[in-house]
Amino acid sequence: KPTQHGVRDLRSLGLSPKVIFCRSTQRLEEATCRKISNFCHVPPTNVISVHDVGNVYHVPLLLMEQNVHRIIASELKLATQMDIEN
């Protein structure tokens, strides 16, 4: 529910999120990502699980595993060839 309320508040300001970052203690389950996707009108691949990791330096790797760099490049219409490899 907090995610839905946050997205509703953004939409009331005329903003429509393209990506939703969900902070949690554990990785989001696929069913949870789909539910958030359905209620917030973003693709399931754009619901990003930012769960607890052992070291803050693992966060960029976590985001890369979920293709955040590709999502951003796509939304900004950047070149499809990227130097960053998974």
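Helix H4 spans residues 68–75, and its buried residues are Val-68, His-69, Ile-71 and Ala-73. Buried means under 20% relative accessible area, exposed over 50%, and partly exposed in between (1.4 Å probe, protein chains only). Helices (H or I, at least four residues) and strands (E, at least two) are DSSP runs, numbered from the N terminus. The model is predicted: local features need pLDDT of at least 70, side-chain atom pairs count only at pLDDT 80 or more, and totals for chains, interfaces and linings use all residues. Residues are numbered from 1 along each chain as its sequence is written, and side-chain values use heavy atoms, with hydrogens and water left out.

The buried residues of H4 pack against S1, strand S2 (47–51) and helix H3 (59–65). Contact here means heavy atoms within 4.5 Å. Just after H4, Lys-77 adopts a positive phi of about 55°.

Strand S1 covers residues 20–24 and includes Ser-24. The Ser-24 side chain reaches the backbone oxygen of Gln-26 at 2.4 Å. Neighbours within four places in sequence aside, Ser-24 is in contact with Ser-49, Val-50, His-51 and Asp-52.

The structure holds zero disulfides. A disulfide is a pair of cysteine sulfur atoms within 2.5 Å. Cys-22 is buried, with a relative accessible area of 8%. Cys-40 also counts as buried, at 2% relative accessibility.

Terms used: A polar contact is a pair of N or O atoms within 3.5 Å; within protein, one must be able to donate a hydrogen and the other to accept it, and residues adjacent in sequence count only if both atoms are side-chain atoms.
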